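Please view the sequence and the model before reading on.

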Amino acid sequence: MSQAPHSHESADVAARVERRWAIVVIGLMCLLIAMVIFTGLHWAMMPPSRVETVDPLSLHISGEFVESNLGTATESDGSVTVRIVAQQYSFTPQCILVPANTPVTFRATSADVVHGFLITHTNINSMLEPGDISTFRTTFEQPDDHLMPCHEFCGVGHEGMWAHVKVIDHDAYTRMAANTRRLSCVQ
Ligand code: CUA
């Protein structure tokens, strides 16, 4: 019977340790939720708010993703729209030309399997799925070169799937856009 006070004591210790861990776990959960809210508001990282679909089998035949319509188009309000198709194992166009200090809308989709869509040093980071159009809006603040790697495993050629985003001065872009309907920097 001399063990009774001991087991009482160890039950107290166990309860105290459990309470301490519960506080740690609740604290971690609050931290993670706070991070989601912070990144959502501060970096505008949000899941897409709408779903647009497209038939991946007729991409090349009709609609906005036919080859002659890919690349950068200047809109009447001065903004630009970039249309991109991803396929094993490249993006079309391979080099995307956009003006700095101009609202840019990317519209991209996949012709075959799921690919990744990421532009370094921006908050653009998503997936391109066959059948869905992914849309992103951003503004590049200064002329720069960005890499655009596929970051979703899409087959044996995945690691060779890259494109480039070249941001050029707004006036230089306007001069180039005066002569053509669609722009890219593919040579
Ligand atoms: Cu496309 Cu990995």
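The points below are grouped by topic.

The model is predicted, with local features requiring pLDDT of at least 70 and side-chain atom pairs pLDDT 80 or more, while totals for chains, interfaces and linings use all residues. Residues are numbered from 1 along each chain as its sequence is written, and side-chain values rest on heavy atoms, without hydrogens and water.

**Exposed and buried residues**
- W21 belongs to helix 1 (residues 4–42); helices (H or I, at least four residues) and strands (E, at least two) are DSSP runs, numbered from the N terminus.
- W21 counts as exposed because its relative accessibility is 58%, the class being exposed over 50%, buried under 20% and partly exposed in between (1.4 Å probe, protein chains only).
- T138, in strand 9 (residues 132–139), counts as buried because its relative accessibility is 15%.
- Leaving aside neighbours within four places in sequence, T138 is in contact with T102, P103, V104, F106 and I124, where contact means heavy atoms within 4.5 Å.

- Three strands form an open sheet in the order 5-11-10, with mixed pairing; two strands pair if DSSP finds at least two bridges between them.
- Strand 5 (95–99) and strand 10 (144–149) stand at the edges with a single partner strand each, so one side of each is left without a neighbour in the sheet.
- Strand 10 and strand 11 (residues 162–168) run antiparallel and are joined by six bridges.
- P149 has W162 in strand 11 as its bridge partner.
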